Amino acid sequence: MKASEILDSKIARVRHVLEDTADKSSIKFNESIRQAVELIATRPNSALAVVDANSDLIGIVTEKDIIGAVQKDGVDSLNKSVDSIMTKNPVTAQTEDSCRDKLVLMIDGNFRNMPVFDDKKFAGILQIVEASEGKLSELISENRKLLTLVDRLVPNEFTFSDDATSVDIQKCLEDNNLPCVPIRGKDGIIGVIADYDVCKANVEELSETLE
């Protein structure tokens, strides 16, 4: 396994932070807003995916949409169907997408919830706070100032390119009793790989071989 692949495995993915599940996270387009309220009350988030008769995603309805409807038309609006207030064709995510990319989309689009799919299967609703937590964990573990310091202090013989193999990295760690080594890309240090990262990569590679 190459260094670039190990670094990629350290990126916070949507699946790492998604607390919601597909169960009770969607609602049929012709069901009432009242039913949506009752369903949202049982869920950890404030949105539901809206699906058509074939269970295909056609929109998303949020707590904010419901409040807006009640403010505009009163409690009678609760008897209307959810497709009357939903946002059509919402932006979606895949479970393997990075939290960073999805957070940027949410901020730029000014929305807080995003339907998530595992390939073509609906997996739940990602909240902006979850995407933020994922990105924050990356910032903590890959602090840019620390990487700059590492770039200046670590000798070149202990620095690897992103196409170096886990075998070479492991040998360097063991031979020099190092806890980690920096990985260099075109624009400088792009990450740090620790001994446990290499061990994890080797175990995963062995597991794939045995399957």
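The structure is a predicted model, in which local features need pLDDT of at least 70 and side-chain atom pairs count only at pLDDT 80 or more, while totals for chains, interfaces and linings use all residues. Residues are numbered from 1 along each chain as its sequence is written, and side-chain values use heavy atoms, with hydrogens and water left out.

Arg100 is joined to Asp101 by a salt bridge, with 3.5 Å between the closest N and O atoms; the term stands for a side-chain nitrogen of Lys or Arg within 4 Å of a carboxyl oxygen of Asp or Glu. Asp101 is also partly exposed, because its relative accessibility is 40%. In total, the structure holds six salt bridges.

Another of these contacts brings together the side chains of Glu96 and Arg15, at 2.4 Å from N to O. Here distant parts of the chain are linked: Glu96 sits in the loop between β5 and α5 (99–109), Arg15 belongs to helix α2 (residues 14–17), and the two are 81 residues apart. Helices (H or I, at least four residues) and strands (E, at least two) are DSSP runs, numbered from the N terminus. Glu96 is partly exposed because its relative accessibility is 43%, and Arg15 is partly exposed with a relative accessible area of 45%.

What of the salt bridge between Asp20 and Arg43, and are these residues buried or exposed? Their side chains meet at 2.5 Å, N to O. Asp20 is found in the loop between α2 and β1 (26–28) and Arg43 in the loop between α3 (33–40) and β2 (47–51), so the pair ties together parts 23 residues apart in sequence. Both Asp20 and Arg43 are buried.

Turning to the strands, β5, β6 and β7 form an open sheet in the order β5-β6-β7, with mixed pairing. β5 (93–94) and β7 (121–127) are the edge strands, and each has a single partner, so one side of each lacks a neighbour in the sheet. Two strands pair if DSSP finds at least two bridges between them. β5 and strand β6 (residues 113–118) pair in the parallel sense over two bridges, and Gln94 stands opposite Phe117 in β6.

Further along, strand β8 (residues 160–161) is parallel to β9, again through two bridges, and Phe160 has Ile183 of β9 as its bridge partner. Strand β9 (residues 180–185) also runs antiparallel to β10, to which six bridges join it. β9 and β10 make a hairpin with two residues between them. Cys180 faces Ala194 in β10, while Gly185 stands opposite Gly188 in β10. Strand β10 (residues 188–194) is mostly covered, with six of its seven residues buried.

Glu204 lies in helix α9 and is partly exposed because its relative accessibility is 34%.

Methods
Buried means under 20% relative accessible area, exposed over 50%, partly exposed in between (1.4 Å probe, protein chains only).
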